[in-house]
Amino acid sequence: ANPKLGVVYDAGGKFDKSFNQSAFEGASRFKKETGINFIEVQASSDTQAEQVLRGLARKKLDMIASIGFAQTQAVQKVAKEFPNVRFVLIDGVAQGNNVNSITFKEEEGSYLAGVAAAMASKSKKLGFIGGIDIPLIRTFACGYAQGAKSVDKKSEIVQNMVGTTAAAWNDPAKGGELARSQFERGVDVVFAVAGGSGMGTLQMAKEKGKLAIGVDSNQNHLYPGTMLTSMVKRVDNAVYDSFMQMKNGTWKGGVTAKGLKEGGVDWALDANNRKLITPEIEKRVLGARKDIIDGKTKVIDIRSGAACPA
Amino acid sequence: MQPAVEFRGISKHFGAVKANTDVSFAIAKGAIHGLVGENGAGKSTLMSILYGYYHADGGTILLDGRECQIRSSQEAIRLGIGMVHQHFMLVDNMTVLDNVMLGTEGGFRLASHRAEAEKKLREICDRYRLDVDPLATIHDLSVGAQQRVEILKQIYRSANILILDEPTAVLTAQETESLFEILRLFKEQGKTIILITHKLQEIMDITDTVTVMRGGRVVGAVETAQTSKEALANMMVGRPIENNLPRGPYKPGAPVLEVKGLALKDKAGVSLLEDIDFTLRAGEIVAIAGVSGNGQSELMEILSGMRLPTAGQADFEGSPLPFKRHDADGLPRVFRNLGIAHVPEDRLRDGVVKNFSVMDNTFFGYQDHVKGRWGLFDFKHIAERCAGLLREFDVRPPNPDLRIGLLSGGNQQKVVIAREVLAKPKLMLVGQPTRGVDIGTIEAIHTQLLALRDVGVAILLVSVELEEVRALADRILVMCGGRITGELPINEFDTTRIGLLMGGMHKS
Amino acid sequence: MNNDLPRWATAIALPVLNLLSALLVTALVIHLLGEDPVESMQILVNSAVVNPEGLAYTLFYASTFVFTGLAVSVAMQAGLFNIGAEGQMYLGGLGLTVAMLAFDASLPWYLLIPVGMAGAALFGALWAFVPGYLQAKRGSHIVVTTIMFNFIAASLMNFVIVKYLIPPGEQNTASRVFAPGAELPRLSDWLPVLGDTPLNISFFLAIIALAVYGVMVTRSSWGYKLRATGLNQHAAHYAGVKISAMIIVTMLISGALAGLGAVNSIMGSTHYLSLNFVGGAGFIGIAIALMGRQHPVGIFLSAVLFGALTQGGFDLSLEKPNIPPEMVILIQGLIILFCGAMENLYAPALAKLLKGKQA
Amino acid sequence: MSFEDLHLGSIVVSTVRNSPVLLFAAMAGLFAERSGVVDIGLEGKILASAFVSAAVAFTTQNPWYGILAGIGVSVVLALLQGAIAITQKGNQLVAGIAINIAMSGLTFVVAQYFFQQGGRTPDLGEARLPEIVLPGSAAVADVPVLGWIWTQLLGGHTILVYLAFALVPLVHWVLYHTRFGLRLRACGENPHAADAAGVSVERTRYAAMLIAGILCSFSGAYLAIVQSGFFLRDMSAGAGYLALTAMVFGNWRPFYTFLGCLMFGFFGAVQIQLEGVDLPVVGRIPGALIQMVPYVVTVIVLAGLMAKSVAPKAIGMPFVKSR
Ligand SMILES: Nc1ncnc2c1ncn2[C@@H]1O[C@H](COP(=O)(O)OP(=O)(O)OP(=O)(O)O)[C@@H](O)[C@H]1O
Ligand SMILES: Nc1ncnc2c1ncn2[C@@H]1O[C@H](COP(=O)(O)OP(=O)(O)OP(=O)(O)O)[C@@H](O)[C@H]1O
Ligand SMILES: [Mg+2]
Ligand SMILES: [Mg+2]
């Protein structure tokens, strides 16, 4: 029989222009290819996360993909109660044999974005716009800075956060305003890691003729001509793969950290930004990519407790 | 000649209350017509119908013999009706000029008509000898001046029929006199005036004809010249009113309150009270007479703990009252616990909480005295106490659950006085106890105060009504400009001399 | 206003009519979205009330809402519009967490729970103190300051959680999980039919809080002074109330109540403090206080209604793919609109109907 | 940190650009509240008009239709509030809150239904308002100070920005120098007085709500079709409440309210600049804490400088003819 599958989004919802949406795309791709349906739910609070996970587990689902670190504790708890249900946790680490915790090495992808940005920048002033000042976002920022500094030690990173509440992910006006302010201070490439607010940033870059870098999914198509690249985080693949493994019976629990090597993160090069990526940039980025994959370059992950070197 | 206004069979009820029942009478053109009756008799309701506020359930109104449908105040104004309400209808934070212009601005842009309006206003002020600065802001004006603004508004709109609902309730004798001067001028110009008042002397002084209402019906319509105060009072209340209430012999006891050098300056440093010295003994009523706004209110506020003096002291039963700056907010409670009761001048602002029930208001200020078990209110006791109070003081309707805001002013006042009397105070501060109250109720309130005096309570009375002062006081202090300008015992009561002292003529 | 209506009409008939109107509009929207309104309503009611587990969740959410509703109500009684319950509950969560992190290893559960509650109440109260103080002493408008303090609380909590509370190596923006002693006893321990639901003794605490509030406001001298202050400050001053002290104390109580709202959410369910755990409960408190007219029974009913919508709406969006979770927000808004703001919509018609029958 | 680092010019321009959202809403609130109707529903009206104007602008590919439609929906909501407050004599605060909550849900549900992008409208692309380039901009662009003033400070904004700023003196004029303004203020201060003077309190208040609806819609339109170029769920992000705050802060007077709006805009811009910068004495303020700068400053200003704010006396109370 076909496996029974579920996806639980966190408070951002499945259209958050971020990892929830990416997960949705992965699950949809799986559905399209296999014809196997999945249940999807949004858990707006930590309490609901536990409720919905337990609810789904009771319905004897075979696998539940929990999207977002906010579900960590809930997954850990419910996984213990239902050893026969398999859980995939995205962006967080939960204990349990029936849990596969998938984290991403955002710092590696961001590093490439930083390299590309520093190469493309004339002013050597790079912008970063995050949603909320939390470790995950700082990881992006730090990887980005490391990449930029690897190109030019003197690159300057201007960093702003949109806000401190959930509204910070849905405030494109502020996202645009921050970008504009950064451009006025000489920034000419900006990396937006702010969900819906980032849409404002990308749009502003387009308006001001500056370059922008998208995040999570490939956002190059949004504003061809000003989208330098996107730092893709393949949550979609993670979900797709997990479902596939479930279907094929190859799924295993554990903790997986997906970096460049594992195809968890990457930069996006396609027809939409082909013109902006000069051969030098491409060469430099690909070089950095190879070095990271080969282990020659170690990108610091600040979540491990290390200070950001850049 | 056609009467200017004629009511034919007007009826109006609010729910179960019949405010007006089949009211019919006519007012001749150019007459000053008095309308009297107890609180709640239906006078204001009738006038509100004439001014388009309420729609009568039945009956018609004729103006100059023509039947009129007055559906709104706008329409009333268009028909030349003007109304000075019992409570001033002024916008506090606007100037006199703006208040007068409101509703008759003359065009969309104010500027283009303001100068013109101001000129016209000044002319009116001159002609009617009204002392008002058109550019003054309302809240800076005295009550009398605000009253003049109300009149001004009506003159400005050249109202032909002027309704005055208790215009003199808050005026001093002088202010009343000048108001009457204006009314006489009006009359000369052929305007028709309807005057509601509880002061029968005023009816006798100025009106041509009088209508008496009781319980929503007309119970009498007479020519003023053909009647007397006593007859009117009898018609209003349905029984004769006693003018000289019985009182015990004057036997002042030990001093209860000794005020020494009390003074008050406001934030700007302006002196409101200076060098106030007097003594009040048990079993006497000392009245403070004076034009309102000469420091009486401030004095009462200080003595009740609502306000702090800037200098001086007041001894209560031999020990100084604890004026402590840092305790200012809770002081009224401290004073009350010492045995000082206070009937405030402005009952709606200070004395009651309009949205509380009558019962809740019967222990307002004494909320800590009605606690039972667990420190919670003992509602059984409160209800019994309230029922007794309503009975003893004849509060109408005697419904403890009614919002007190729905009681008439006179009945609200009865509740306040009853509450303070029941506290068994040693000193009672009473401010304007009968403002806007009908004669029957005045009699009841006066009786209560005298009874209190006879059992040895010291009473300090502030009143602008010399009639009232005369009826109650054992001694009279006169205040002017924040000072006490004279003192006289009641047997030397002399309106002229008091008038001089009120005007600031020092102890001669 | 024009209430010539008998008591049963205002107390039951009107609210029911209003609720039906709100649901009718909701049904219309659901129909337009291409779903079956009747079936949707069934799901909603089933999930929120009929199903015991669902009911437990409903009451669980209601417990939090009772506290925030009370917080707003008590301030409203004094004429203060406290929009800051959100921030106060947030800080209450911090107080609770600080207490837990300090003591959960050393204290037994029967001490730990009161200590946690005290921490929540204390921090909530302190957060409300500043706006209260500024209103009392400086006349700074409480609406403005409490709104500002919501924003400030969000920033502060963001900072504190990220900087100090996330255990090393963890991704989740949350504190560590507290020791089991800090878990509030769950009702399902006694009533297994409730299943594995977080409904816990805070529900009873909420009921007790409502009762205490009701008694204090209507039967105590303090509550009497509180209401007098709210209705007429001049008169309250005359009656011996220290207005500034009353404002400050009221805000302290209001803040403490809001802070206590965190106890149910944290000690009753998640057992850790996380970013945005308040999730709008403070704002819902405003709606509850207004709809419940600051009356304990009204607050309770509104809180349960909102709890039911949170729970039922969640299941609705689960079962009906075309109905997004945001639908619940719309329903909430419609219910507040019809039951709270347009409460007298049908009064004239009903009065006419009754009169017609009598005649 | 040197003065240069502050990018004063950028702060000023950013203040100018950010203010319209608050300004329109605050002026809308001013009309409603000076007439005696509490308008806590600004947030909902902003959100609704933002959605409708974006959706219509996208569908018709014409921003002006979008603005018109935004006005329409905002006016409907304002009149609904009016009907509750004025005719039904219901609780105005509840009405406002209800509208805010309902609109937060409804805009998402409808946006999702029509566009299937998670409560977002598609990008407006060209269907946005053009920025106005002042004549001669090209010529002066490179002149040091003047160029900046002409092209960035004064020029380079959409028509709505100019409208927002022009609104301040206009509102002042209407409020204090016209018949309507006089009546409006009277209704907010003492409706009984207005009524006795023959002014229809109901009509005046409805007119005020109508104006409030119109003005508030610009706030939403600005947010969606000028600042962002699309609609996103809950994109008003508290702007309505901030506008209300600015109005209370400004004591319900147009000019001071304007200052309040500018203050939020200004400190918001300063905060952007301060992020990640080493400051004298305090050092580098952490990102999360720096977000509180505008709010802390507001509280300090309010507590330290402002006298008591005095609301219109009759605010929030339904007008019933008898006392
Ligand atoms: N708006 C109202 N709603 C219900 N009942 C009312 C209303 N206005 C007046 N009444 C009732 O009508 C009766 C007459 O009131 P009215 O105001 O006409 O009295 P009045 O003669 O003016 O009294 P006063 O001398 O105290 O001014 C009152 O006893 C009251 O019960
Ligand atoms: N909304 C109302 N419902 C019921 N009765 C009312 C209402 N408004 C006024 N009244 C009644 O109308 C009568 C007169 O009221 P009014 O406001 O004229 O007071 P008043 O007796 O003249 O007192 P004062 O002159 O001291 O203010 C009172 O008996 C009062 O109970
Ligand atoms: Mg009257
Ligand atoms: Mg009267």
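E35(C) is buried, with a relative accessible area of 13%, where buried means under 20% relative accessible area, exposed over 50% and partly exposed in between, computed with a 1.4 Å probe on protein chains only. In this predicted model, local features need pLDDT of at least 70 and side-chain atom pairs count only at pLDDT 80 or more, whereas totals for chains, interfaces and linings use all residues. Residues are numbered from 1 along each chain as its sequence is written, chains are lettered from A and ligands numbered from 1 in the order in which they are written, and side-chain values use heavy atoms, with hydrogens and water left out.

The side chain of E35(C) meets that of K320(C) in a salt bridge with an N to O distance of 3.4 Å, a salt bridge being a side-chain nitrogen of Lys or Arg within 4 Å of a carboxyl oxygen of Asp or Glu. This pair links distant parts of the chain, 285 residues apart, since E35(C) lies in the loop between helix 1 and helix 2 (37-50) of chain C and K320(C) in the loop between helix 12 (296-319) and helix 13 of chain C; helices (H or I, at least four residues) and strands (E, at least two) are DSSP runs, numbered from the N terminus. K320(C), at 8% relative accessibility, likewise counts as buried.

A search of the whole structure finds 64 salt bridges over all chains. One of them joins K153(B) to E150(B), with the closest N and O atoms 3.5 Å apart; these residues are separated by about one helical turn because they stand 3 residues apart in helix 5 (residues 143-156) of chain B. K153(B) is buried at a relative accessible area of 4%, and E150(B) is buried at 1%. In chain A, D133(A) forms a salt bridge with R138(A) at 2.8 Å between the closest N and O atoms; D133(A) is buried at 7%, whereas R138(A) is partly exposed at 33%.

Between chain C and chain D, 40 residues of chain C are in contact (heavy atoms within 4.5 Å) with 43 residues of chain D. The area buried there, that is, the accessible area (1.4 Å probe) that two parts lose on being put together, summed over both, is about 3,700 Å², of which carbon and sulfur atoms give 80%. The count across this interface is 1 salt bridge, in which E326(C) and R233(D) have their closest N and O atoms 2.8 Å apart. Helix 6 of chain C gives the most to the side of chain C that touches chain D, with 11 residues. By class, that side has 28 nonpolar, 10 polar and 2 charged residues, with Ala, Val, Leu, Ile, Met, Phe, Trp, Tyr, Cys and Pro counted as nonpolar, Asp, Glu, Lys and Arg as charged, and the others, Gly among them, as polar.

The contact of chain D with chain A takes 32 residues from chain D and 29 residues from chain A. These two chains bury about 2,500 Å² between them, 47% of it on carbon and sulfur atoms, and R17(D), I272(D) and E275(D) supply 22% of the area that chain D buries against chain A, more than any other three residues. Across this interface the rule finds 4 salt bridges, and E177(A) and R17(D) meet in a salt bridge at 2.7 Å, N to O. The largest share of the side of chain D that touches chain A, 5 residues, comes from helix 1 of chain D.
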